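Colleague: I am new to this one. Can you take me through how its parts pack?

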Amino acid sequence: MSVVSNIKKAAAAAIKELYKIEIDESGILVNATKPEFEGDYTIVLFAFVKQLRKSPEAIGQELGAYIINNNSNLFERFNVIKGFLNLTVSTAYWTDFLHQEFSNESFGRSVRKNKKVMVEYSSPNTNKPLHLGHLRNNFLGWSTAEILKAAGNEVIKTSIVNDRGIHICKSMIAWQKHANGATPESAEKKGDHLVGDYYVRFEEDLKAEALAVYDQLEGRELEGFTKEEETKIMTLVDALEHAERSQNKEKYTEIKSELNEIARNNTPIMKEAKQLLLKWEQGDEEVLALWRKMNSWVYTGFDETYKRIGSDFDKTYYESDLYLLGKDLVEEGLQKGVLIKKEDGSVWIDLTADGLDQKLVLRRDGTSVYITQDLGLAQLKYNDYQIDESIYVVGDEQNYHLKVLKLIMQKLGAPYAEGIIHLSYGMVELPSGKMKSREGTVVDADDLVNTMIEIAKEKTREQGKTEGFNETELLELYETIGLGALKFFLLRVDPKKRMIFNPEDSIELQGFTGPFVQYTHARIKSILRKEQPKGIPLSAHLLPLEKDIIIDLEQFSAVISEAADDYDPSKIAMYVFNLAKTFNSFYTEHSIANAETADKKELRLQLAYLTAHTIKTAMSLLGIRVPERM
RNA sequence: GGCCUUGUAGUUCAAUGGAUAGAAUAGAAGUUUCCUAAACUUUAGAUACAGGUUCGAUUCCUGUCAAGGCUACCA
């Protein structure tokens with residue numbers, strides 16, 4: 001049990017004994033003592049004042065004395081300042097802890113059995129390569145899964161591949177028109193990039209055609225439109241002209257973009273793409289063959305990227321297999337009266353009582369929409385694995401969608417509804433603004449990874465500390481450092497906040513970065529290569545800098561639990577950075593190899609040993625490797 | 001319009017309602033005959049604004065301002 005929980009337990013017991021009042025341990029606030037006061041941990045007393053009808057000072061003295069007397073193995077001294085009871089943990093406790101744990105291979109990991117959890121992440125579209133946003137998603141999902149494992153959960157990593165839909169058809173059309181049969185081999189290009197090129201090509205063609213159609217709309221040349229569409233367009237054009245005359249700029253842009261959307265949807269090339277999708281759904285062999293071919297190119301490309309960034313999955317679902325799912329759930333919902341069927345045959349759910357709108361769950365022609373599939377998929381996941389929790393690592397733009405999904409499931413009374421959790425993360429933006437694949441302002445994942453590795457290489461060469469490395473070892477080191485910097489950068493901030501990625505500043509190898517932590521590890525290893533701790537018991541004497549490290553180390557397990565409870569890898573990143581910093585301060589001040597006495601040397605070797613191991617474990621939870629030398 | 005996020009040093013990020021708001025980076029000043037200076041030490045610098053709740057508010061509530069997202073019979 002951790003020191004902090006021991007303190008809470010001791011305080012609760014003391015209050016019960018002294019005042020005959022039961023206080024829940026979770027209501028006791030224990031903080032690290034501020035450096036300007038004496039002590040290791042502090043109990044905040046104000047919360048008890050009202051209930052106990054005593055001054056904070058009196059409570060502190062009584063509580064402190066009782067706790068010390070009844071836990072003499074754990075605490076040495078106490079003092080009370082204002083409303084704060086500062087406790088000093090006994091040195092013997094710290095040294096015993098270190099001696100017991102320093103060689104524990106699974107230090108920090110929880111042994112108890114917990115829940116069965118599925119983490120869904122990555123979930124790419126197969127019409128373009130992965131970009132920076134996918135990287136955040138992948139790192140976050142992978143790391144959260146590993147953290148959950150370390151906290152004692154059984155975890156299934158899964159990815160939903162969006163391999164079907166209009167976006168794929170776009171790439172297919174452009175490839176047919178322009179590629180002259182090009183393949184990844186003939187073009188000497190990764191398959192996902194090749195397919196992505198044709199997606200961009202499609203958008204270019206579409207843009208050009210849309211311009212012409214837009215002019216027609218504005219000129220009210222409306223051949224080929226239905227009466228209904230015609231009326232709508234006429235109304236819009238009227239409104240547009242009105243907005244222009246009255247110089248209502250905002251309204252003008254709004255209507256213009258609406259008309260533009262209509263224009264895009266009515267271009268010949270867009271109609272071709274829709275036609276292709278229809279053929280796909282009808283099972284047209286020729287279309288399916290092209291679809292399979294292009295998708296397989298993309299998968300090969302993705303696999304390469306995943307392998308490089310260290311992402312993996314236990315189970316992959318393909319949307320083409322499950323886009324028809326969910327209809328039976330809709331039927332069930334209708335029977336239960338949770339869903340409503342309108343006269344035109346479309347099915348809706350009314351969420352106005354929950355502060356949301358009405359939401360369509362089935363089209364009037366009986367076909368699925370996005371949410372229908374997701375209902376079906378949620379059911380499928382449960383059927384396949386009987387999971388307690390299903391975590392969706394999905395961008396915050398889909399907050400509404402995920403909220404609706406959970407609500408519908410709750411209303412349907414699905415046993416797994418409460419376990420649906422949206423791990424929502426903010427978009428990654430560039431200093432110039434949002435990334436848009438339509439406009440080609442995306443940071444490509446493969447490019448970025450290559451750049452990071454290149455920078456790591458330059459920096460490492462500058463440092464000139466790699467004597468004796470062979471070519472393979474060098475390449476591995478560059479990858480370890482480059483990817484470490486990138487992953488750490490993307491994981492060190494609170495997932496739910498959107499972040500700005502500045503290609504220049506972000507690629508930093510000093511300070512609060514992966515390489516800083518990696519460097520600390522390499523330094524320790526360099527010492528341990530020459531000498532290992534013997535494992536003999538330690539005498540109870542600690543310098544402040546030595547104690548600081550042990551205090552940090554002791555918190556590792558609690559930090560893992562906290563990160564798991566919050567689904568927040570940034571907690572691990574901050575922890576491991578802090579640990580490295582604490583160790584570095586110690587390292588420059590005191591010598592390990594030339595310690596004052598043999599006892600001191602043994603203590604410091606055990607300290608170094610456990611620190612290195614903890615750094616390695618914590619970084620592995622972030623998906624970051626640590627080098628033996630750098 | 002409605003709903004949801006987010007506003008903290010020049011910049012990028014911390015801080016379960018608790019002591020003098022922490023880091024990193026950029027700035028200034030230092031540390032290398034001694035285990036790796038990708039390090040360490042010192043220094044200066046911030047809670048958008050206005051109210052409220054209370055012993056105490058960056059944190060909770062209300063309003064204002066600012067940034068972003070969602071509000072498709074697209075996925």
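Colleague: At what angle do helix 1 and helix 3 pack, and how far apart are their axes?

Modeller: This is a predicted model. In it, helix 1 (residues 3-19) and helix 3 (residues 56-70) pack at about 115°, with axes 9 Å apart.

Colleague: Why is this pair called roughly perpendicular?

Modeller: Angles of 65 to 115 degrees count as roughly perpendicular. The angle here is about 115°. Helix 1 and helix 3 are therefore roughly perpendicular to each other. Their crossing is right-handed.

Colleague: Which residues make the contact of helix 1 and helix 3?

Modeller: Helix 1 brings Ala10, Ala11, Ala14, Glu17 and Leu18. Helix 3 brings Glu62, Leu63, Tyr66 and Ile67. Seven of the contact residues are nonpolar, none polar and two charged.

Colleague: What makes helix 17 oblique to helix 18?

Modeller: Helix 17 (residues 445-463) and helix 18 (residues 471-491) pack at about 120°, their axes 8 Å apart. Roughly perpendicular covers 65 to 115 degrees, and roughly antiparallel needs over 145. That is why helix 17 is oblique to helix 18. This crossing is right-handed.

Colleague: What kinds of residue make up the contact of helix 17 with helix 18?

Modeller: Eleven are nonpolar, two polar and two charged. Among them are Val449 and Lys457 in helix 17, and Tyr478 and Ala485 in helix 18.

Colleague: How many residues does the largest nonpolar core have?

Modeller: It has 128 residues. Ala11, Ala485 and Ile615 are among those with the most contacts inside it. A second, separate core has 19 residues, including Ile371 and Leu377.

How values were computed. Residues numbered from 1 in each chain as written. Chains lettered and ligands numbered in written order. Predicted model: local features only at pLDDT ≥ 70, side-chain atom pairs only at ≥ 80, totals over all residues. Core = buried A, V, L, I, M, F, W, Y, C linked by C-beta atoms within 7 Å. Buried ≥ 20, exposed ≤ 12 C-beta atoms within 10 Å, placed from the backbone. Axes fitted to C-alpha atoms, helices over the stretch in contact; angles between N-to-C directions. Helix = DSSP H or I, 4+ residues; strand = E, 2+ residues; numbered from the N terminus. Parallel < 35°, antiparallel > 145°, perpendicular 65-115°, else oblique. Left-handed = near helix turned anticlockwise from the far one by under 90°. Contact = placed C-beta atoms within 7 Å. Nonpolar A, V, L, I, M, F, W, Y, C, P; charged D, E, K, R; others polar.
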